[in-house]
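Subject: Structure for you to look at

Hello,

Here is the structure I promised to pass on. Please open it first, then read my notes below.

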Amino acid sequence: MVALVSRENVVVLVSRTGRELQRYRKGRRQVVGCIPYRYKIGDQTSLDVQEELEVLVITSQKGKGMLFPKGGWELDESKKEAALRETIEEAGVRGTVEGKLGKWSFKSKTHDTFYEGYMFPLLVQEQLELWPEQNVRQRIWMSISEAREVCQHWWMKEALERLVNRKLGRVRQIEIVGSIHCIGDGNSDL
């Protein structure tokens with residue numbers, strides 16, 4: 001079955017601009033971002049998280065490096081809402097924003113100022129064909145090891161390590177719970 005959509009029903013996404021609503025704390029600009037990820041195969045309990053997980057990186061607007069989507073956290077949104085908005089604008093993906101990976105203080109490479117950055121994992125559920133910054137950014141799915149190599153920001157690399165460790169911890173919990181189920185059975189006299 002083919003669904004026809006009229007132009008009137010198409011929503012156009014546009015990147016927010018300006019800093020009128022930008023949040024600052026103690027003089028530091030507040031930024032939020034996501035590490036978009038997916039599993040290569042349907043099995044999310046694989047023992048080798050680093051082999052089964054892929055992350056989405058994007059080019060910087062100037063095209064001189066790779067990073068995860070991030071941008072300003074504004075007054076009219078929560079951290080998670082801002083992180084999702086930035087990810088849609090810059091990388092053209094949507095999904096479930098999970099619990100915060102951490103908070104980092106860092107100095108801007110282009111401005112002589114300090115920022116506070118918050119990063120979240122985002123389990124990708126939809127990759128958009130059209131997104132606001134598609135003409136100024138490229139997006140590339142890659143392995144964890146490839147992302148470690150190309151990501152230009154130390155604090156984003158640290159957030160990536162926290163994501164990997166979190167996913168490894170989840171797999172270990174599944175292994176432990178799974179092994180408990182294997183001890184004895186309903187017919188045992190123990």
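Start with Asp112, which forms a salt bridge with Lys107; their closest N and O atoms are 2.8 Å apart. Asp112 counts as exposed, at 70% relative accessibility. Lys107 counts as partly exposed, at 45%. Keep in mind that this is a predicted model.

**Salt bridges**

How many salt bridges are there by the rule used here? The count comes to 13. The general idea is simple: side chains of opposite charge can pair when their charged atoms come close.

Look next at Glu54 and Arg38. They form a salt bridge, with the closest N and O atoms 2.8 Å apart. Glu54 sits in strand β3 (residues 53–59) and Arg38 in strand β2 (residues 28–39), so the pair ties together parts that are 16 residues apart in sequence. Glu54 is buried, at 16% relative accessible area. Arg38 is partly exposed, at 29%. The cut-off for buried is under 20%.

Then go to Lys167 and Glu98. Their side chains meet in a salt bridge of 3.3 Å, N to O. Lys167 belongs to helix α4 (residues 154–181), while Glu98 is in the loop between β6 (93–97) and β7 (102–107), so this pair ties together parts that are 69 residues apart in sequence. Are these two residues buried or exposed? Both Lys167 and Glu98 are buried.

There is also a network. Salt bridges link Glu77, Arg85, Glu86 and Glu89.

β2 deserves a careful look. Of its 12 residues, 10 are buried, so the strand is mostly covered.

Which strands pair with β2, and in what sense? Here is the list:

- Strand β1 (residues 24–25) pairs with β2 in the antiparallel sense, over two bridges. Tyr24 has Arg29 of β2 as its bridge partner. The hairpin of β1 and β2 has two residues between the strands, and Lys26 takes a positive phi near 50° there.
- Strand β8 (residues 114–127) pairs with β2 in the parallel sense, over nine bridges. Val32 stands opposite Tyr118 in β8.
- Strand β5 (residues 70–72) runs antiparallel to β2, and three bridges join them. The bridge partner of Val32 in β5 is Gly71.
- β3 pairs with β2 in the antiparallel sense, over three bridges. Here Arg38 has Glu54 as its bridge partner in β3.

**Helix α2**

Last stop: helix α2 (residues 79–91). This helix has 13 residues and reaches 17 Å from its first C-alpha to its last, close to the 18 Å expected at 1.5 Å a residue.

Which of its residues are buried? They are Ala82, Ala83, Arg85, Glu86, Thr87, Ile88, Glu89, Glu90 and Ala91. Arg85, Glu86 and Glu89 also take part in the salt-bridge network with Glu77. The buried residues of α2 pack against β2, β3, β5, β6, β8 and β9 (139–143). Just after the helix, Gly92 takes a positive phi of about 70°.

Best wishes

Conventions: Residues numbered from 1 in each chain as written. Predicted model: local features only at pLDDT ≥ 70, side-chain atom pairs only at ≥ 80, totals over all residues. Heavy atoms only, no water. Salt bridge = Lys/Arg side-chain N within 4 Å of Asp/Glu carboxyl O. Helix = DSSP H or I, 4+ residues; strand = E, 2+ residues; numbered from the N terminus. Buried < 20%, exposed > 50% of the residue type's maximum accessible area, 1.4 Å probe, protein only. Pairing = 2+ DSSP bridges. Expected span 1.5 Å × (residues − 1). Contact = heavy atoms within 4.5 Å.
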